[in-house]
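User: I would like to go through this protein slowly, one question at a time, and see how each answer is reached.

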Amino acid sequence: MNLLNFVAQFPDEASCKAKWKEYRDKQGVVCPKCGHKEHYWKSDKECYECKRCKYRQSLRSNTVMHGSQLPFRYWFVAIHLLTSTKKSFSASELQRQLGHSTYNPIWAMLHKLRQAMGRRDSEYSLKEVIEIDEGFFSTEIDQDEKNKPLKRGRGSQKKSKVLVMAESIPVKGETTKHGKPRKVGHIKMFLIDDLQSSTIDSKVSENINADSVIDSDNSTSYTNFKTLVKEHRPKVIPKKEVGKMLPWVHIAISNAKRMLLDVFHDIKPEYLQSYLNEFCYKFNRRYFGERRFDRLMVAAVSYKNEFRYNIK
Ligand SMILES: [Zn+2]
């Protein structure tokens, strides 16, 4: 959907509300009080009424728009842009484009949509052959950390640790048409507090099919992988060989870093996961084309946001 089609299809608040309701009805409205799935639509009040307990919920309740005061059309514009732009855009850019007076609600709207993206991706497990490595992303230093001396290298307070997983399937013959020995499938990225094997193991068992094979370096953080999946193939990987031996995690890490650097500045560590969600979600749907808007709409009506924030 290009911008002109978008404007033609969603010219006003009413058209957006009607489309939103269509998506909610298709996904199924659930009563938050009794769990019943049949509702009356009260068109005068624009709300659903549970056929069993009579509890009423608005069109926005229990979706990504839960608690939002912004017009439906703002959300549609955001969903359109998030699914039609290749890289990303900042909340201040969107605020300018919408001509909205305050920054915070626009910023929160984008984070809520990124949360819905992350939840959607968390429903799928990676399978077959998976590369795993860690990436270190620059983030803002917390106010109370600023006074402490900086540690170097892996433990540096300026770097947030991200566990990166990429399905990396060997191709028949020698290389893909891009000259790679493996084909990439889905990817996942998780902000982690530390590099303890227990931290990493739980991410692996939650997100990787037990029937898979994992390729990684021989880090001590990874010693338990052999008990979590069918096969673990740890290798000593010299620094300059990383791109060759774990090609897709490293391409994903450098592309994600580039996107973050280009678009966002001074990311607070607590919001890094949100930006990673967007990066992975888009990457995992890179061949979806026209269906991308539809898929994010489904995710948006299906999840109640739990995003909380404190902006000083
Ligand atoms: Zn009910």
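The questions below move from the whole chain to single residues.

Analyst: This is a predicted model, in which local features need pLDDT of at least 70 and side-chain atom pairs count only at pLDDT 80 or more, while totals for chains, interfaces and linings use all residues. Residues are numbered from 1 along each chain as its sequence is written, and side-chain values use heavy atoms, with hydrogens and water left out.

User: What radius of gyration does the protein have, and with what value for a compact globule does it agree?

Analyst: The radius of gyration is taken over C-alpha atoms, and the globule rule is 2.2 Å times the number of residues to the power 0.38. For 312 residues, a compact globule would have a radius near 20 Å, and the value for the protein agrees with this. The C-alpha atoms fill a box of roughly 65 × 50 × 40 Å along the principal axes.

User: What share of the contacts in the protein with a separation of 6 or more comes from residues 24 or more positions apart?

Analyst: Contact means heavy atoms within 4.5 Å. Among the contacts with a separation of 6 or more, those between residues 24 or more positions apart account for 63%.

User: Which residues touch the most other members of the largest nonpolar core?

Analyst: A nonpolar core is a set of buried Ala, Val, Leu, Ile, Met, Phe, Trp, Tyr and Cys residues joined through side-chain atoms within 4.5 Å, where buried means under 20% relative accessible area, exposed over 50%, and partly exposed in between (1.4 Å probe, protein chains only). The largest such core has 67 residues. Apart from it lies another core, of 16 residues, which includes Ile132 and Phe190. In the largest core, the residues that touch the most other members are Trp20, Phe76, Met109, Leu113, Ile187 and Met189.

User: Is Phe6 buried or exposed?

Analyst: Phe6 lies in helix 1, residues 3-9. Not counting residues up to four places away in sequence, Phe6 touches Met1, Phe76, Val77, His80 and Phe293. With a relative accessible area of 3%, Phe6 is buried.

User: What arrangement do the 4 donor atoms around the zinc ion make?

Analyst: Donors are N, O and S atoms within 2.8 Å of the metal (3.2 Å for Na, K and Ca), and water is not among the atoms, so sites may look incomplete. Here the SG atoms of Cys31, Cys34, Cys50 and Cys53 coordinate the zinc ion at 2.3 Å. Four donors count as tetrahedral if all angles lie between 85 and 135 degrees; four count as square planar and six as octahedral if opposite donors are over 155 degrees apart and all others between 65 and 115; anything else is irregular. Because the angles here are 103 to 116°, the arrangement is tetrahedral.

User: How many residues apart are Cys31 and Cys53?

Analyst: The donors of the zinc ion follow the spacing C-x2-C-x15-C-x2-C along the chain. Cys31 is in the loop between helix 2 (13-27) and strand 1, whereas Cys53 is in the loop between strand 2 and strand 3, and the pair links distant parts of the chain. Cys31 is buried at 3% relative accessible area, while Cys53 is partly exposed at 29%.

User: To which residue does a polar contact join the side chain of Asp133?

Analyst: A polar contact is a pair of N or O atoms within 3.5 Å; within protein, one must be able to donate a hydrogen and the other to accept it, and residues adjacent in sequence count only if both atoms are side-chain atoms. Asp133 lies in strand 4, residues 129-138, and is buried at 7% relative accessibility. At 2.9 Å, the side-chain partner of Asp133 is His250.

User: What is the phi of Glu46, which is not a glycine?

Analyst: Glu46 is found in the loop between strand 1 (39-42) and strand 2 (47-50). At 34% relative accessibility, Glu46 is partly exposed. Its phi is positive, at about 50°.

Technical notes. Helices (H or I, at least four residues) and strands (E, at least two) are DSSP runs, numbered from the N terminus.
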